[in-house]
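Morning, everyone. Please look at the screen while I walk through the packing. I will keep it brisk.

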Number of protein chains: 2
Amino acid sequence: MSSSVITASIITIGDELLIGQTIDTNSAWMAQQLNAIGIWVKKRIAVGDEREEIWQSLDETIASTDIILITGGLGPTADDITKPLLCDYFGGKMIVDQEALQHVKYIFQHILKRPLLERNMKQAEVPDNCTVLINQRGTAPGMWFEKKDPSSDSKKIIVSLPGVPHEMKGLMQTYIIPRLTNLIADQLIIHRTLLTAGAGESFIAEHIQEWENSLPSQIKLAYLPSYGMVRMRLTAKGRKDSGIENIIDQKFTELQELVKEWLVISADEPLEKAVGDLLQEKGKTISTAESCTGGYLAHLLTSIAGSSAYYKGSVISYDNTIKEQILKVNRITLDNHGAVSRETVTEMLQGLFDSMQTDYGIAVSGIMGPSGGSKEKPTGTVWIAYGSPGNCQTKSFHFRFDRQRNIQLTAVNALLLLFQFIQSEG
Amino acid sequence: MSSSVITASIITIGDELLIGQTIDTNSAWMAQQLNAIGIWVKKRIAVGDEREEIWQSLDETIASTDIILITGGLGPTADDITKPLLCDYFGGKMIVDQEALQHVKYIFQHILKRPLLERNMKQAEVPDNCTVLINQRGTAPGMWFEKKDPSSDSKKIIVSLPGVPHEMKGLMQTYIIPRLTNLIADQLIIHRTLLTAGAGESFIAEHIQEWENSLPSQIKLAYLPSYGMVRMRLTAKGRKDSGIENIIDQKFTELQELVKEWLVISADEPLEKAVGDLLQEKGKTISTAESCTGGYLAHLLTSIAGSSAYYKGSVISYDNTIKEQILKVNRITLDNHGAVSRETVTEMLQGLFDSMQTDYGIAVSGIMGPSGGSKEKPTGTVWIAYGSPGNCQTKSFHFRFDRQRNIQLTAVNALLLLFQFIQSEG
């Protein structure tokens, strides 16, 4: 391996990734894990279940990076061709691995409780020139190959993993990350991310231009606009003994000061985590009343482990009768102002506090599309009420996107409003 | 362009994709759109904001495919380098496009209502050897390049798009898909997908082995295991006049017959869509009571456009007091059996029917982890109640995964149970 920053490629195999049937979440997770131990991911490639394409991707990534992680194509069905291909590529022959065979038998007898077929036993066949990594969560083992690069005399590492996310993650955590960590102990990649709201990326870039231009070459700044906010990320790459950690921390402190007017959170975490941390810190509780977001806001809040400490529940009042019966919104309010109005979300929030007895709450109602809009209230019109029992605030939005994005924007903006509300209380 | 199947590559640019900060959803959407007009995506590549990497990916994809779609790196900040790079790559020089300039000014004055900066005007600078595609949803225009391939005398098309999903989608729908459709009018790519539950992929593969081996060469079968179910997809590629559409339809009918014992739905759609269609067809309504899924079930159901016709609402009773107060679960039941029990979900479902008055309902309670498990009820224990007011069914599960996956598995299995329940009523 070369002495500068260690680089990796990720190859994902499977036609489902090329026809858009599956969204690739594996690569992002793997990249995070590699970054955390100081390995820089230079390239990600997705190819189909085609021998020639996979072979060519191997040639190319082995030539340009030190570590190649491959996922997919290890299943027991005819469309999965990765294993025999890797065997040929590294010039080995297929043998039965006894430990893998025992494991496959165990999984079928005790976990799946299904009859073991000849084709499942084939899962225990592996090339004889790899190290077999037993997959505790499934039947397809991982395979670790090493190859001398003749041009530089350095060693390349090629690892094949199943495409099923939780099986891949198990192998990464049990074997691959610990092994790679040992190999590259002196490298460091550090990210520092903050979130701003209220200014466009151009405006911020203009504001910090001088500072940005003076950044040392090991530090890179990126702007990531999302949901009308802007995430900013500093990345540093270097050796552990180069003092790079102090430099990035200093630059990050400077950046926070420069953008403090728009600063929301100084961490790479979603708003639902920041809201949760704030609530936990203050020992306060929250509940939600959702119409248009249909549970997405509750889902975001409860996706955080430990959220049961501060999150009590939600009423998803998709239908107006539920707004009336459970949240006690007045029929006259609905008739006079409509379900999407300041008056209705205010009453929803009041009804929520009455039934859930929480310290804070959010109520949302809107028209997410594609249908349901009118001239007065076009698709994308949203009302949000937020605050505490004695202090109800409201705000309206007009989003211009598709249903899915309107739902996301509504939820994220509701979280932002509540976060800023709680912070402003001091 | 060659006369066989037209192929495409997708290049996504941005360090956020390589460090795992952003999950790439653009590529999947683009691939679906290309497939729908008969273009086969051969490869997807993700590279960082590095000149050399992007250049090399262009060389490589132009050599191996007919159409190259590039997203990302078009923003107004210093980390975005795609535009000048493309200008150099195609040997052009930068000029100000007057239409793009007018558009940038309009966006800032009328939509963003922010001061227009020098750096924003730069968004209207484009290489002089491309066709400019005005971006109605943002300030960075799309760019359409054409290049003669000297080796085959065929024409390659290279299109650069912004990375912001809704901007990319607007340009694809307005310009790129219609233009590409004109170029490749005689090509066809067809997918037919079905969903099975109750049998492993090996078992199904064994069961249909003979039929699978006899598939004609233009038809490919893939197995996609997901959430304990198996999706199966047939894909056909060919010319419109080759009769390929009839062949795949016939093979798909045969496949449905072969796997009918485990067949759930014969379409590439999520279960929440299938449940919604079934409810709409029968003119029935549904509501949900969620503890452990925390709104994710409601979110799935309401992510379908038009779901307000059959979905009335949900009570997210994350805290036990909400189970008692809104869903009228008996305190004694909670004390004697615990929140995660057949008795509690049964009472939750009953309370749900009483308050929401729907024809069908689902109630779930479980321990999603990482904490909260016990020896009797380990993390992953889930109880689901489902059915209609007069007919309440229950089932328990023991999932073995992380919090996020346990939530997804609970929601998907609840939908499957209710779907099969409604179907069984005839």
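At what angle do helix α2 and helix α7 of chain B pack, and how far apart are their axes? Before I answer, some ground rules. This is a predicted model, where local features need pLDDT of at least 70, side-chain atom pairs count only at pLDDT 80 or more, and totals for chains, interfaces and linings use all residues. Residues are numbered from 1 along each chain as its sequence is written, chains are lettered from A and ligands numbered from 1 in the order in which they are written, and side-chain values use heavy atoms, with hydrogens and water left out.

Now the answer. Helix α2 (residues 26-36) and helix α7 (residues 165-183) of chain B pack at about 20°, and their axes are 11 Å apart. Helices here are DSSP runs of H or I with at least four residues, strands are runs of E with at least two, and both are numbered from the N terminus. Axes are lines fitted to C-alpha atoms, for helices over the stretch in contact, and angles run from 0 to 180 degrees between N-to-C directions. So α2(B) and α7(B) are roughly parallel. The cut-offs: under 35 degrees is roughly parallel, over 145 roughly antiparallel, 65 to 115 roughly perpendicular, and the rest oblique. The crossing of α2(B) past α7(B) is right-handed.

Who makes the contact? From α2(B), find B:N26, B:W29, B:M30, B:Q33 and B:L34. From α7(B), the list includes B:P165, B:M168 and B:K169. Contact means heavy atoms within 4.5 Å. By class, this α2(B)-α7(B) contact has eight nonpolar, three polar and one charged residues. Nonpolar covers Ala, Val, Leu, Ile, Met, Phe, Trp, Tyr, Cys and Pro; charged covers Asp, Glu, Lys and Arg; the others, Gly among them, are polar.

Helix α7(B) also lies across β3 (67-71), β6, β7 and β8 of chain B, at about 170° to β8(B). That takes us to a sheet.

How many strands are in this open sheet? There are 12, in the order β6(A)-β7(A)-β8(A)-β3(A)-β1(A)-β2(A)-β2(B)-β1(B)-β3(B)-β8(B)-β7(B)-β6(B), with mixed pairing. Two strands pair if DSSP finds at least two bridges between them. β6 of chain A and β6 (131-133) of chain B stand at the edges with a single partner strand each, so one side of each has no neighbour in the sheet. The twist averages 20° from one strand to the next.

Zoom in on chain A. β6 (residues 131-133) and β7 (residues 142-149) run antiparallel over three bridges. A:T131 has A:W144 as its bridge partner in β7(A). β7(A) and β8(A) form a hairpin with four residues between them, and A:D153 in the turn has a positive phi of about 60°.

Chain B next. Seven bridges join β7 (residues 142-149) to β8 (residues 154-161) of chain B, again antiparallel. B:K148 stands opposite B:K155 in β8(B).

One general point: in a regular strand the side chains alternate between the two faces of the sheet.

Here is another open sheet. It has 10 strands, in the order β17(A)-β16(A)-β15(A)-β13(A)-β14(A)-β14(B)-β13(B)-β15(B)-β16(B)-β17(B), and the pairing is mixed. The edge strands are β17 (391-398) of chain A and β17 (391-398) of chain B. This twist averages 15° from strand to strand. β16 (residues 381-388) of chain A pairs with β17(A) over eight bridges, antiparallel. A:T381 stands opposite A:H398, and A:S388 opposite A:N391. Two residues make the hairpin link between β16(A) and β17(A).

Back to helices. In chain A, the axes of α11 (residues 271-282) and α16 (residues 403-424) come within 9 Å and cross at roughly 30°. That makes α11(A) roughly parallel to α16(A). This crossing is left-handed.

Last, the interface. 96 residues of chain B touch 97 residues of chain A. The two chains bury about 7900 Å², 54% of it on carbon and sulfur atoms. Buried area is the accessible area (1.4 Å probe) that two parts lose on being put together, summed over both. In chain B, B:I19, B:Q21 and B:R44 lose the most area to chain A, together 8% of what that side buries.

Definitions and conventions
Left-handed = near helix turned anticlockwise from the far one by under 90°.
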